[in-house]
Amino acid sequence: AAALSSLEKQLSGHSKALQDTDLTTLRREVESVRAEAATKLQEDKFQTLQRQIDGNSAQQQFLETQKQLNDVKERFEAKDKSIEKLSKELSELRRAKEAEAQAAQKAEKLALEQSVKQRDA
């Protein structure tokens, strides 16, 4: 009976040791799962931030391109206005030159007519 009691105590001790081992193993597995989850969470946060940064960068590039496009558009509009103004000035100069040429022709014609009248007189 004493031997049986001793064996029961040993068996109980082994059972307790096995339970402790199982608990230790479970704790290790839980810690491993927690560490893995934390790593995945960090990676997910990093990827989320990276997507936000990439999105912001793309938006910045788009806005910069749009600004450059607007600048070019404004320069073309200014050049168009300048060309239009120069074209008007050129037309005015041509009309003035034409009027001057007609006035010169009239003056020549009058001078010629007066010369003919004086000669005939």
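This is a predicted model: local features need pLDDT of at least 70, side-chain atom pairs count only at pLDDT 80 or more; totals for chains, interfaces and linings use all residues.
Trainee: What makes the protein more spread out than a compact globule?

Mentor: The secondary structure comes to one helix and zero strands. The radius of gyration is 52 Å, well over the 14 Å that the globule rule gives for 121 residues, so the protein is more spread out than a compact globule. Along the principal axes, its C-alpha atoms fill a box of roughly 175 × 10 × 5 Å.

Trainee: Why do Glu-31 and Arg-34 count as a salt bridge?

Mentor: Their closest N and O atoms are 3.1 Å apart, and because the cut-off is within 4 Å, the pair qualifies. Being three residues apart in helix α1, Glu-31 and Arg-34 are separated by about one helical turn.

Trainee: Why is Arg-34 called exposed, and why is Glu-31 called partly exposed?

Mentor: Arg-34 reaches 54% relative accessibility, and because exposed means over 50%, Arg-34 is exposed. Glu-31, with a relative accessible area of 46%, is therefore partly exposed.

Trainee: What makes Glu-36 and Lys-40 a salt bridge?

Mentor: The closest N and O atoms of Glu-36 and Lys-40 are 3.4 Å apart, so the pair meets the requirement of within 4 Å. Both residues lie in helix α1, four residues apart, about one turn of the helix.

Methods: Residues are numbered from 1 along each chain as its sequence is written. Side-chain values use heavy atoms; hydrogens and water are left out. Helices (H or I, at least four residues) and strands (E, at least two) are DSSP runs, numbered from the N terminus. The radius of gyration is taken over C-alpha atoms; the globule rule is 2.2 Å times the number of residues to the power 0.38. A salt bridge is a side-chain nitrogen of Lys or Arg within 4 Å of a carboxyl oxygen of Asp or Glu. Buried means under 20% relative accessible area, exposed over 50%, partly exposed in between (1.4 Å probe, protein chains only).
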